[in-house]
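Hi,

Here is the structure I promised to pass on.

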Amino acid sequence: MANQEDLFKNIISHAKEYGFIFQSSEIYDGLSAVYDYGQNGAELKKNIRDYWWKSMVQMNENIVGIDSAIFMHPTVWKASGHVDAFNDPLIDNKDSKKRYRADVLIEDHVAKIEAKIQKEISKASERFGDKFDEAVFRSTNPRVVENQKKIDEINNRFKNALEKNDLTEVRQIIIDLEIVCPVSGSRNWTEVRQFNLMFSTQMGSVSEDAGTIYLRPETAQGIFVNFLNVQKTGRMKIPFGIAQTGKAFRNEIVARQFIFRMREFEQMEMQFFVKPGTEMEWYNKWKEARMKWHRTLGFPESKHRFHDHIKLAHYANAACDIEFEFPFGFKELEGIHSRTDFDLKSHEQFSGKKLQYFDSDDNQNFVPYVVETSIGLDRMFLAILSQAYKEEKLEDGSDRVVLNIPPMLAPIKCAILPLVKKDGLPEKAQEIMDVLKYDHLCSYEEKDSIGKRYRRQDAIGTPYAVTIDHQTLEDSTVTIRERDSMKQERIPVDNVAKIVSERVDMRKALTQLN
Ligand code: GAP
């Protein structure tokens, strides 16, 4: 079995080899941190988006979806605070000339100490079996206690530095922790500087009247500026939500880890508008609901955890991440933020227009508070891909790579395979394909041995393969092979659509969310 680093490399090459993800503009040697989704990637991505959209918009009568433009009036980004404060602290290593995010260097250092704690916990849990009590162990084991103390000290110091915007202190933390550049191995660091992450461009045909506008760094602002439009035209009553999915752009300083941190990516965001004073109740409800959404996909419980933000953004009164254990460790997958009335109030000030809700029960106007759930579609894609990727040794000694993608999200639901390319089998298979394609995205393949074709379908995560052989011509039966168990069964061809439908139906997952 490959180690985590090799495993991650294998996942990246698998994603390319099987048409999931390509580097953007590859023939020109690529564009850093920008990726294209291939034929299978586009399907998987669409299915994840559908699952999110249905669970938000279709399953909740008080949530509606919109699709706002990427370009927005430049003052939007002034009001939201992005022009002045959407910065990352960057630091360069003078020897390697490599640039890093100072906060990420510190967070990675903390993650290494956390990994030591986890190792102690796993060892002890194995030793003590059912009797193991993690909370007691954490509070009594001297090595764990000492490491936890180190983490708390670093986090406190870092939080204070960020709150005071004290970049000299951020640099000093890096120096004191003896963090070295992974490339040069040296501690020869520059000062820490702030770097704004927004991309800008010019709108207008001639330079004199062209104005600077930004590519949106989050989709949320398109929701805030449409708050009253949607509330009034949809006759929405508080509490209610507005959801949207779409592209966002950030000029990330360090773009690493494949599609984890991209410069162009897609977000799935929902702003839930509530009565002031009720926001913590909704914040906790949405935390729970979002975790359930992830777990319904069949991930082991240990793969996700909550992580409270060390430093709250200027607009938030509570915020946490749902972290996922990627092959490179636990990292942020989704953010849940209680954003107060900051955004709506700020847009009121900058636009001079009222963005208030009239509560007919109390006969009063107020600016609602907002609880936001925000997840990166590409990160969710990576979570699913890295969890699904399995290198298996089979009983007969052969190897197979399979993607155990939840069937409802699989790019292709059923492969249609004539056993041989003659005797009327391709024609019969095509006939079956022509019926099934109305229900499911199917793939027809007649080239190579049936074994090779099964392996190819396993590698893209197709839950079912249907083989058409000579018996099919006599009695209209086919063999259906299930991806995970590799079990084959002979069934009437008329049953195929029903079997596939039952397994790939999103309904089961959506039902569990309620
Ligand atoms: N509206 C709130 C907001 O944008 P965020 O924590 O900056 O919050 C939300 O981003 C989510 O968007 C993250 O949890 C992550 O999944 C995704 N995301 C952020 N930056 C990303 C990037 N550079 N590449 C891929 N996904 C990213």
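The side chain of glutamate 218 puts an N or O atom 2.6 Å from a nitrogen atom of the ligand, which falls under the polar-contact cut-off used here (a pair of N or O atoms within 3.5 Å; within protein, one must be able to donate a hydrogen and the other to accept it, and residues adjacent in sequence count only if both atoms are side-chain atoms). Taken alone, the ligand exposes 560 Å², and the protein buries 92% of that (Shrake-Rupley areas with a 1.4 Å probe; for residues, only the protein chains shown count as cover).

Before you go further: this is a predicted model, where local features need pLDDT of at least 70 and side-chain atom pairs count only at pLDDT 80 or more, while totals for chains, interfaces and linings use all residues. Residues are numbered from 1 along each chain as its sequence is written, and side-chain values use heavy atoms, with hydrogens and water left out.

Back to the ligand. It is surrounded by 21 residues, the closest being Glu218, Glu252, Met262, Glu269 and Glu332 (near means a heavy atom within 4 Å). By type, the shell splits into six nonpolar, five polar and 10 charged residues (Ala, Val, Leu, Ile, Met, Phe, Trp, Tyr, Cys and Pro are nonpolar; Asp, Glu, Lys and Arg are charged; the others, Gly among them, are polar). Strand E13 (329-340) gives the largest share, six residues (helices, H or I, have at least four residues and strands, E, at least two; both are DSSP runs numbered from the N terminus). Strands E10 (264-274) and E16 (369-376) also give two or more residues each.

Which residues does aspartate 88 touch? Not counting residues up to four places away in sequence, they are Arg101, Arg193, Gln194, Phe195, Leu197, Glu252 and Ile253 (contact means heavy atoms within 4.5 Å). Its side chain makes a polar contact of 3.3 Å with the side chain of arginine 101. Aspartate 88 sits in strand E4 (residues 87-92) and counts as buried because its relative accessibility is 9% (buried is under 20%, exposed over 50%, partly exposed in between, with a 1.4 Å probe and protein chains only).

Strand E22 (residues 477-482) is worth a look as well. Six of its six residues are buried, with Thr477, Thr479 and Arg481 on one side and Val478, Ile480 and Glu482 on the other. Isoleucine 480 stands opposite valine 466 and opposite glutamate 489 in E23.

Most residues other than glycine have a negative phi, and most peptide bonds are trans. E22 and E23 form a hairpin with five residues between them, and methionine 486 in the turn has a positive phi of about 65°; methionine 486 is partly exposed, at 26% relative accessible area. Lysine 97, in the loop between E4 and strand E5 (99-101), has a phi near 60° and is exposed at 67%. The bond from isoleucine 238 to proline 239 is cis, with omega near 5°, and proline 239 lies in the loop between helix H10 (227-233) and strand E9 (240-249).

Cheers

Notes. Two strands pair if DSSP finds at least two bridges between them.
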